[in-house]
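Please look through the sequence and the model below before reading on. The paragraphs that follow lead from aromatic rings to sheets, and from there to the nonpolar cores.

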Amino acid sequence: MEILSLIQTYITRERDYNILRFICKSWRCIFVLHRQSPFPIDRFGLRSPLLMSSQGSRYNFFHPLHHTYYMQFPELSDEKIVYSKDGWLLVKSGIVHMEDKQIFFFNPLTKMRIDLPDLTYYHRFAKFSFSGLPTSNDYVVVGIASTLWVEIGVIKFGMDNWQVDEISLEERYSYHVSSNPVFMDGCCYCLDVNGKVGIFDPNDVINSWKIVGNTLWRPRWSRDSLFQNFMVESDEALLAIFLTNDGRVYVYKLDQLKFDWIKVEDLDEKVIYLSNASSWVEKGIISKNKIYFPLLYDDKALVFYSLNTRRYHSNGYDFSRNNFYDMKYLPHSSWIKIM
């Protein structure tokens with residue numbers, strides 16, 4: 001029994017997994033039947049997050065532990081994935097600036113599409129997020145942009161048009177770097193380039209908007225200037241991750257009472273998955289205390305940053321580096337977990 005369980009952890013193809021199930025009745029109790037799917041199962045029978053990156057209608061799916069998979073999605077040939085959650089993609093179409101943009105939910109497993117009201121061409125939201133399953137009747141979608149003012153759009157189940165509010169800024173606030181809004185306790189939290197956090201209630205944007213948090217980063221032209229930043233929710237707390245041009249990684253946790261950032265040195269048993277369109281935290285099964293960025297080594301292997309070694313590594317490749325200079329960054333990618 002122990003040997004069979006060990007064998008199970010090294011199976012990477014669903015076909016091989018199912019062949020072992022038919023050897024005898026007792027083996028079928030160990031190798032539990034998995035739903036047939038075009039997506040891979042991982043070594044523990046769980047579906048690992050996959051990094052999804054497009055080349056026209058062809059999408060590459062990069063697994064953290066082993067193979068790269070390719071699938072065609074004609075439905076997404078001219079579209080941009082702006083957010084992903086619970087196995088669903090939020091997709092925006094329209095590449096002409098002076099045209100209205102279609103925006104819709106898409107499930108790559110079932111091919112189900114749910115349309116939302118169009119975005120008018122003058123609403124150029126930079127980042128998006130949604131709160132729950134698109135098949136429910138209580139989801140909320142938000143979009144946000146910021147230049148000299150903050151523009152926030154909200155659409156809920158049953159609404160015919162986006163509700164858009166513009167907020168004047170009393171202090172410098174920018175939202176040009178990386179991070180999608182994070183839903184937590186009924187509010188949305190938005191990280192800016194300097195570490196400030198904008199907070200608003202989607203039910204009352206104008207009256208609830210405020211900016212908190214101490215400045216973490218001063219823009220400057222140097223090798224340790226900011227390359228990208230992200231924000232995720234972990235155990236009802238907010239984590240901010242800053243990546244510099246020379247490859248250094250900083251993680252902070254927001255004190256919910258004082259609204260100060262506290263430096264984090266260890267993720268315990270967690271793994272963080274980061275990309276421009278989606279980011280989240282999970283308890284690690286094989287990998288722990290790591291951060292997966294949308295980085296590729298040798299154009300095919302995902303790269304992670306270890307908080308234990310403070311260096312970059314990749315499964316299947318024997319290398320350890322303190323920067324990502326010869327790695328490929330995938331700016332138009334999204335983590336997705338097939339449910």
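Y83, F105, F130, Y139 and F157 form one aromatic cluster, where rings of Phe, Tyr and Trp (its six-membered ring) pair if their centres lie within 6.5 Å, with planes under 30 degrees apart counted as stacked, over 60 as edge-to-face and the rest as tilted. The model is a predicted one, in which local features need pLDDT of at least 70 and side-chain atom pairs count only at pLDDT 80 or more, while totals for chains, interfaces and linings use all residues. Residues are numbered from 1 along each chain as its sequence is written, and side-chain values use heavy atoms, with hydrogens and water left out.

Searching the whole structure gives 23 aromatic pairs. In one of them, the ring centres of F73 and F106 are 6.1 Å apart and the planes stand at 90 degrees, so this pair is edge-to-face. F73 belongs to the loop between β3 (68–72) and β4 (79–85), whereas F106 belongs to strand β6 (residues 101–106), so the pair ties together parts that are 33 residues apart in sequence; helices (H or I, at least four residues) and strands (E, at least two) are DSSP runs, numbered from the N terminus. F73 is buried, with a relative accessible area of 0%, and F106 is buried as well, at 1%, where buried means under 20% relative accessible area, exposed over 50% and partly exposed in between (1.4 Å probe, protein chains only).

The rings of F105 and Y139 have centres 5.3 Å apart and planes at 80 degrees, so they too form an edge-to-face pair. This pair links distant parts of the chain, with F105 in strand β6 and Y139 in the loop between β8 (127–130) and β9 (140–146), 34 residues apart. F105 counts as buried at 0% relative accessibility, and Y139 counts as buried at 6%.

Strand β6 is also part of an open sheet of 4 strands in the order β4-β5-β6-β7, with antiparallel pairing; two strands pair if DSSP finds at least two bridges between them. Why is one side of β4 and of β7 (113–119) left without a neighbour in the sheet? Both strands stand at the edges, and each has a single partner strand, so one side of each has no neighbour there. Within the sheet, 5 bridges join β6 to β7, and I103 stands opposite L116 in β7. The charged end of R113 sits over the ring of F104, 3.7 Å from its centre, a charge being counted in this way if NZ of Lys or CZ of Arg is within 6 Å of the ring centre and within 35 degrees of the ring normal.

Another open sheet has 4 strands in the order β12-β13-β14-β15, again with antiparallel pairing. Here β12 (182–184) and β15 (210–212) stand at the edges, each with a single partner strand, so one side of each lacks a neighbour in the sheet. β12 and strand β13 (residues 187–191) pair over 3 bridges, and V182 stands opposite Y189 in β13.

In the loop between β15 and β16 lies S225, which counts as buried at 8% relative accessibility. The side chains of S225 and N245 are joined by a polar contact of 2.6 Å; such a contact is a pair of N or O atoms within 3.5 Å, where within protein one must be able to donate a hydrogen and the other to accept it, and residues adjacent in sequence count only if both atoms are side-chain atoms.

Of the 24 residues in the largest nonpolar core, I241, V249, I291, F293 and Y312 touch the most other members, a core being a set of buried Ala, Val, Leu, Ile, Met, Phe, Trp, Tyr and Cys residues joined through side-chain atoms within 4.5 Å. At least two residues of this core come from each of β16 (226–234), β17 (237–244), β18 (249–254), β22 (290–297) and β23 (301–306), and the largest share, 4 residues, comes from β22. A second, separate core of 18 residues includes M184, V212, L226 and F242.

K290 lies over the face of F304, at 4.0 Å from the ring centre. Y312, among the residues named for the largest core, stands opposite R321 in β25, and 2 bridges join strand β24 (residues 311–314) to strand β25 (residues 317–321) in an antiparallel arrangement. In the hairpin of these strands, which has 2 residues between them, G316 takes a positive phi near 90 degrees.
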